[in-house]
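Welcome, and thanks for taking a look at this one. Here is a short briefing to read alongside the coordinates.

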Amino acid sequence: MGQKNPQVSIIVPTYNESQNIVEILKSIHENIPKGIYTETIVVDDNSPDGTGKIVEEYISNFLKIAENTINIIHRKAKNGLSSAILNGIQNAKGDTIIVMDSDFSHPPHIIPKMIEAFKQYQCDLVIASRYISGGNIQGWTTKRKLMSKVATLIAKKGLNVKIKDPMSGFFAFKKNIIKELHFDALGYKFLLELLVKTKEINVKEIPYTFENRKFGSSKLDGYTIINYFKSVWKLYKNGKTKIITEKRNSVHFLSKAARFFTVGLSGFGVNYIISMLFTFGLTDFWYIHANIFGIIASISTNFMLNKIWTFEDKDFSRKRTLTQYGKFSLFSSLGALVQLGMVFWLVDSHNVAYPVALILAISTAAFSNFILNKRLTFKEKLWN
Ligand code: GDD
Ligand code: MN
């Protein structure tokens, strides 16, 4: 018994799951398709409720009746879900890996469908998805649903992930797709890191209904959420450089200019709102002081947006960022002076109507600002 090499490794991380673990192991076993040989790897973080001991006992009985095997990895302390998954993967012998929770939120009857999907769709990664048609969530509070949606949106927009449910904790993949990858395994979202770091893989999402656990409680806490933001940020910074498909320089130049002016417009909004807030809302500052705050705030948001979006500069080292911020503020102030001077000059010496002069002056200042920042703050060639 247990001589054959397993084809599929099922990884089940646990922390305080004494009320669920035996039932889930049984249910997993019942759902393994005939003819497929599996190993189930429980990764327990020294659960205070004795989950690890329960599994040990179960294994010693189980081995006598089944061909599939169950193993347990005991870790010293609660070290996070992602790192538990990674530990499981490192010990897995199968060339297909399935990752799932131990609290019945991920129904084991999906396992055969996952295994089938590899064959049917010739894919390397199968994701059990709540957010495609046929998928659902049961028993979550509105707050938790909202959190999940927001996290999903951040992943999709921020990391350019095309999957409907990149936050899923229920997925299966061919082990060879992670061969040369290094994982940080921060927090909960192992799948997201996998999606960002793998290149050119075929992904298939299959629907399932997530049911909130009946026993025990979720281990997701504030710390997990902070870790989520940390890991998204890390993935973003180290992310693959975008493949540029547009080759005409004129298009690059214009699209960057368009972004720069859009950011400028948003700065106008920030400036206005902050200035009003400090005058009438939060405090009753003298309106000039309030306006100074508005200006500083809008320069700062403009700077960040231009760095991240317009010029797509991902180097956030302190020295570089501060230097850039200094230059950007300088050019912004310079732009204001140019604008004032030009309005005065047009109206006073050329009798141009004020509204027209204003438009001319603002455009000139915005354009020269764009050129200066492109060339000197973000050190790009002028025409690319
Ligand atoms: N070893 C170990 N160490 N296991 C952990 C740890 C840990 O630090 N934290 C959680 N687990 C185990 C739990 O015992 C459970 O089996 C599984 O990981 C999921 O933890 P839950 O606390 O039940 O998470 P959840 O239900 O709030 O969130 C789940 O569903 C989300 C939506 O699909 C997770 O699977 C998330 O990854 C997923 O995004
Ligand atoms: Mn759960």
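This is a predicted model: local features need pLDDT of at least 70, side-chain atom pairs count only at pLDDT 80 or more; totals for chains, interfaces and linings use all residues.

The protein splits into two parts, domain 1 (8-237) and domain 2 (249-377). Ligand 1 has 28 residues around it, and H5 packs with H7 at an angle of about 10 degrees.

**Domains**
- Domain 1 spans 8-237, while domain 2 covers 249-377.
- Between the C-alpha centres of domain 1 and domain 2 there are 47 Å.

**Helix packing**
- Helix H5 takes in residues 142-159 and helix H7 residues 222-237, and their axes are 10 Å apart.
- Their angle of about 10 degrees is under 35 degrees, so H5 counts as roughly parallel to H7.
- On the H5 side, the contact includes Met 147, Ala 151 and Ile 154, and on the H7 side it includes Ile 225, Tyr 228 and Phe 229.
- The residues of this contact are eleven nonpolar and one polar, with no charged ones.

**Around ligand 1**
- Glu 17, Asp 101, Met 167, Lys 189 and Lys 219 come nearest among the 28 residues around ligand 1.
- Met 167 places a backbone N or O atom 2.5 Å from an oxygen atom of the ligand.
- Lys 219 has a polar backbone atom 2.5 Å from an oxygen atom of ligand 1.
- For Asp 103, an N or O atom in the side chain is 2.9 Å from a ligand 1 oxygen atom.

Methods:
Residues are numbered from 1 along each chain as its sequence is written. Chains are lettered from A and ligands numbered from 1 in the order in which they are written. Side-chain values use heavy atoms; hydrogens and water are left out. Axes are lines fitted to C-alpha atoms, for helices over the stretch in contact, and angles run from 0 to 180 degrees between N-to-C directions. Helices (H or I, at least four residues) and strands (E, at least two) are DSSP runs, numbered from the N terminus. Angles under 35 degrees count as roughly parallel, over 145 as roughly antiparallel, 65 to 115 as roughly perpendicular and the rest as oblique. Contact means heavy atoms within 4.5 Å. Ala, Val, Leu, Ile, Met, Phe, Trp, Tyr, Cys and Pro count as nonpolar, Asp, Glu, Lys and Arg as charged, and the others, Gly among them, as polar. Domain bounds come from an automatic or database domain assignment. A residue is near a molecule or strand if one of its heavy atoms lies within 4 Å of it. A polar contact is a pair of N or O atoms within 3.5 Å; within protein, one must be able to donate a hydrogen and the other to accept it, and residues adjacent in sequence count only if both atoms are side-chain atoms.
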